[in-house]
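Visitor: I would like to learn how to read salt bridges and strand pairing from a set of coordinates. Could you take me through them slowly?

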Amino acid sequence: MDDVGGNARFQDAVAASGEERWRDALLAADVLAAGRGALGGLWLTARAGGVRDAFVDGLLHAFGPEAPVRRLPPGAGSDVLHPRLDLAATARTGRPVAARGLLSAVDGGLMIVPMAERLEPGTAATLAEGMEGRRVSVLALDEAAETDAPPPGVLTGRLALHVSLEGIPLAATRAARPARAAGAAAPRDWRAVTMPAGLLEQMLALALAAGHGSARAHLHLFTVSRILAMLAGQSQVRPQDAVSALGLCLGIRLLSAEPPAEAECEPPGDPLPGDTLPDAAPPHASQAHHAPDEADASQAQAAPADALGRLEAAMAAGMIDGLSLLVSERAARQAKRAGKAGAQMRKARRGRPYATGPTPPFVDARPDLSATLRAAAPFQRLRRRAAAAAGASLTGAGEEAPGAPQIRKDDFRYHRRRHAAPSTAIFVVDASGSTALDRLGETKGAIEQLLARCYVRRDEVALIAFRAEGADLLLPPTRSLVAAKRRLAALPGGGPTPLAAGLKTGLELALAVRRRGNTPIVVILTDGAGNVTLDGEADRARAARQAEDIARHYRAEALKTICVDIARRPRPAVATLAGQLGADLHRLSAARASCLSALVETAMMGARP
């Protein structure tokens, strides 16, 4: 019965947290509708679903039925934003006719940008430039997964509000909108709301402490504070308005810096070898997210009032001591640079179009019909006059009929496409010695974990084991988890260490992978120097020279390389090898599969633009 009651209380805490976050999301929609172009827009992090649809409906309701709404077509270029040539009207009238761009059509309304994380930088820059001086509000729908890249910063930096709907249940969307005060003396324009100088300084100090130093972000923060005060029927910004603005704009929550009296904090132990340490965070900042329990629910209810009191005390004292900043995912999302694949391949036969050009990207490329007609349309009248003056018959056999467009070779336009090349992790494993079975076993587990997580990104994994007198390609580059398990079922181990042969085989495979268009990442797992030459002789000195020569080729080819020292004690030979390769050196005394897979996946993310 205790378990049932605990589960019910947990569900109640989750529901209460979801309803509170949903009210904050609706509040952000009301703020954007009141500020419009002064706020730039809203960055919405949410996957497609009922919760996101409910939020978009609420935002459109807040804007009103008279506000124009346009949706940017997925994959559209920057030409659709500004006035361009209307092909249908031009062909019908015989003279150039301009069509309105989306920015002009949505002036005073809302532009929805789906899949903003895939927006081309050029299109994002054009959209950001068009937002200046216009009453255009942008709703950027960020549908990316956790490991995907955020939308272009040139766009998100101009969006004042950020809302994340992740973790909000659909049942929470039935929560009513927060009640708005309707005082008789309430200002109708947020510009008439004043802000105390002390509160302004405290908000600026908190924003800087959380790592937000953009002047535009500070201006948006102050504007949102004044809009919140206006919606509450106040003529002056209050501390609670400042606290709400910090959460809506910068994703900052103010918590108490002192731990609860009844809580016993156990000092953290030393990190295990190979554990990945988080990046350095701002002072008093934390980005840890965990499921809410009863303590979290009570703390979430007490935190706003406690933070409000501390902010008021900090205003009186002129300092921000005693406040803890919990930064939400806006700063974390902006810091992520991971992508879904390797280096961008241009002039590709497949992928997303990003531009058009007059030269074909490859031999049998087909021209883009609409871009070709658009390039030829302004010259049709001149060409017909020139043809008539030259006495050319437009009705003769094999000639063009009257009114047909005259296309020249210079008019042809071709799509430029690009796609992100997948990555290939090449494991080069030292299978010699008494601990070879343990290393190979953990390497098998790491490969299986990588394949399970990299399949959706079209990444590949390969395995090379060197032992005895040479190196063998045990697992060619593959995405098949079933084939990998079959190949990895029984791997040989033991014998001397032909390190040079392993490096040579890994170099040849990496270059072959690069020629196929993939991004190779070589992971070398060894615990010492080689003692077998390329021709199978036991000569430690010559084997070391051969390994050094091959390592220089790795550096010359600028291959992404990871060198993992899996000896029980760090060995200088592995550090020397990593320096010769120009590789990242990691020491794992216990080569656990989870540590290896996390290490390689982090390197694969870092190699992506």
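**Salt bridges and a parallel sheet**

Guide: The term salt bridge stands for a side-chain nitrogen of Lys or Arg within 4 Å of a carboxyl oxygen of Asp or Glu. Please keep in mind that this is a predicted model, in which local features need pLDDT of at least 70 and side-chain atom pairs count only at pLDDT 80 or more, while totals for chains, interfaces and linings use all residues. Residues are numbered from 1 along each chain as its sequence is written, and side-chain values use heavy atoms, with hydrogens and water left out.

Visitor: Is R191 buried or exposed?

Guide: Buried means under 20% relative accessible area, exposed means over 50%, and partly exposed lies in between, with a 1.4 Å probe and protein chains only. R191 counts as exposed because its relative accessibility is 52%, whereas D189, at 32%, counts as partly exposed.

Visitor: Which residue forms a salt bridge with D241, and how far apart are the closest N and O atoms?

Guide: The partner of D241 is R238, with the closest N and O atoms 3.2 Å apart. D241 is buried, its relative accessible area being 5%, while R238 is partly exposed at 25%.

Visitor: Which parts of the chain does the pair K560 and D584 link?

Guide: The side chains of K560 and D584 meet in a salt bridge at 2.7 Å, N to O. This pair links distant parts of the chain, since K560 lies in strand β17 (residues 560-565) and D584 in strand β18 (residues 584-587), 24 residues apart. Strands are DSSP runs of E with at least two residues, and helices are runs of H or I with at least four, numbered from the N terminus. K560 is partly exposed at 29% relative accessibility, and D584 is partly exposed with a relative accessible area of 34%. Elsewhere, salt bridges that share partners join D535, E537, D539 and R542 into one network.

Visitor: How many salt bridges does a search of the whole structure find?

Guide: Such a search finds 16 salt bridges.

Visitor: And in what order do the five strands of the open sheet lie?

Guide: Two strands pair if DSSP finds at least two bridges between them. Here the order is β2-β5-β6-β1-β7, with parallel pairing, and the edge strands β2 (69-71) and β7 (161-164) each pair on one side only. Within this sheet, four bridges join β5 (residues 110-113) to β6 (residues 137-142), and L110 stands opposite S137 in β6.
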